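Q: I have not looked at this one before. Can you walk me through it?
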Amino acid sequence: MAPKKKEYSFDLRETVIKHFLNGDSEHDIATKVIIPRNSVHYIIAKYKNTKCIGNIIGRGRKRKTSVHLDRVIQRKIKVDRRKSASAVKVEIESELGIIISEQTVRRRLHESGFMGRVARKKPYVDKVNRGKRIEYAKTYREKPIDYWKDVLWSDESKFNLFGSDGKVMVWRTPKEELDPKCTVPTVKYGGGNVKCWGSFSSSGVGNLVFIDENMTGEIYRDILQKNLFESVKKLNLGSKWVMQHDNDPKHRAHIVTNWLNEKGVERLKWPPYSPDLNPIEHMWDELERRMKKEKPKNATELKH
C-alpha cells in the first residue's frame with residue numbers, strides 16, 4: 001500500500017496562496033515556507049482548479065466525538081475544574097453509553113483552550129477587605145518608580161526540611177489563572193523547621209535573622225532594633241525610605257508601633273490578607289528552590 005500524502009495545515013496553504021497571488025515563483029515560495037517545491041506546485045494547482053485552499057474533506061482519522069459531546073465535556077469541566085479526564089470519561093460512558101478515551105477528553109479540552117495547570121493558592125478575601133485592597137491600589141498606583149526604589153520590603157518565612165508541595169491540578173484557560181473556580185483557598189498557619197526574618201529593596205538584600213523561638217511583639221521589636229537601620233544603611237536607601245511589613249498582629253503590637261513612631265519610621269500602608277502583593281514572596285520562593293537543591297539533612301545544614 002502506498003503511503004498517504006502529507007496534508008498541510010490551512011494556515012500554511014493560505015500563506016502559499018498569498019505568496020502566489022503576490023507573484024512569487026514556486027521556488028521562492030518553497031524557500032520562504034520551507035516545504036518541498038512539488039508541494040507548493042500541488043497547492044497552487046489545486047487552488048487554480050477549485051479556488052479552494054483547505055485540505056481535502058474526508059482525509060485523516062475520523063473524529064470520535066460530535067459537537068454535542070464536545071459541549072458535554074466542556075460543561076462537566078466548567079462545573080468542576082478539579083475533575084480529572086478519567087472521571088469525565090467514566091461519567092460519559094455511564095450517562096451516555098459512549099466509549100471514549102482519557103486522551104480524547106484531554107484533546108477536546110485543549111481544543112477549547114483548557115489546559116491542566118497547578119491551581120494557584122489564593123488567600124480568601126471577603127467583600128470589606130476587597131474594598132480595602134482597591135483603596136490601597138488607588139492610593140499607590142500613581143507613585144513614581146523612584147518612590148518604590150526606596151521601599152524596604154520585609155517579612156518572616158518558614159522553611160521545611162520535608163513536606164508536600166500541596167499541588168492541586170485544575171482545568172483552566174490562560175485568562176482564568178486567578179478565577180476562584182481555578183484556585184485553592186489558603187489560610188495562614190504555623191509550622192516549619194527554620195524561621196527567619198529578612199528584608200530587601202531594589203538595590204539588594206538586607207540582613208537575614210534566624211528566629212529560634214516563638215515570635216512575639218517584643219522579639220519582633222528587638223529584631224528591628226538590631227537590623228532595620230543596619231539594613232537601610234547596607235542598601236544605601238535615600239533619606240525618604242519607607243518600611244513595609246504586613247498586618248500580622250505581632251507587627252501591629254503596641255511595643256512595635258511605639259518604637260517605629262519614636263524612630264520616625266514611615267510605613268507603607270498595607271491592605272489585609274495580601275501576602276501575594278509583597279515582592280519578598282518571590283525572594284523566599286527562589287531561596288526555597290535553591291535550598292531544596294542542596295538537600296539539607298537537618299536545621300543546622302538548612303541555615304548554612
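A: One term to begin with: a residue is buried under 20% relative accessible area, exposed over 50% and partly exposed in between, using a 1.4 Å probe and protein chains only. Of the 304 residues of the chain, 35% count as buried. This is a predicted model, in which local features need pLDDT of at least 70 and side-chain atom pairs count only at pLDDT 80 or more, while totals for chains, interfaces and linings use all residues. Residues are numbered from 1 along each chain as its sequence is written, and side-chain values use heavy atoms, with hydrogens and water left out.

Q: How many helices and strands does the chain have?
A: The chain has 12 helices and eight strands. These are DSSP runs numbered from the N terminus, with helices (H or I) of at least four residues and strands (E) of at least two.

Q: Where is confidence lowest, and where highest?
A: pLDDT is the predictor's confidence in each residue, from 0 to 100. Its mean is lowest in E5, at 68, and highest in H10, at 96. Over residues 187-192 the pLDDT is below 50. Where pLDDT is low, the predicted coordinates should not be read in detail. The chain averages 84, and 88% of the residues score at least 70.

Q: OK, H10 then. Which residues of H10 are buried?
A: Val 256, Trp 259 and Leu 260 are the buried residues of helix H10, which spans residues 254-262.

Q: Why are they on the same side of H10?
A: Because they cover an arc of only 95° around the axis, where the arc is that of the directions from the helix axis to the C-beta atoms. In general, an α-helix has 3.6 residues a turn, so residues three or four places apart point the same way.

Q: What covers the buried residues, and what does the face turned away carry?
A: The cover includes helix H9 (217-234) and strand E8 (242-244). The face turned away from the buried side carries the exposed residues His 254 and Glu 262. After H10 comes Gly 264, with a positive phi near 70°.

Q: Switching topic: where is Glu 176, and is it buried or exposed?
A: Glu 176 is in the loop between strand E4 (169-172) and strand E5 (183-186). Glu 176 counts as buried because its relative accessibility is 15%.

Q: Which residues does Glu 176 touch?
A: Leaving aside residues up to four places away in sequence, Glu 176 touches Arg 81, Phe 114 and Cys 182. Contact here means heavy atoms within 4.5 Å.
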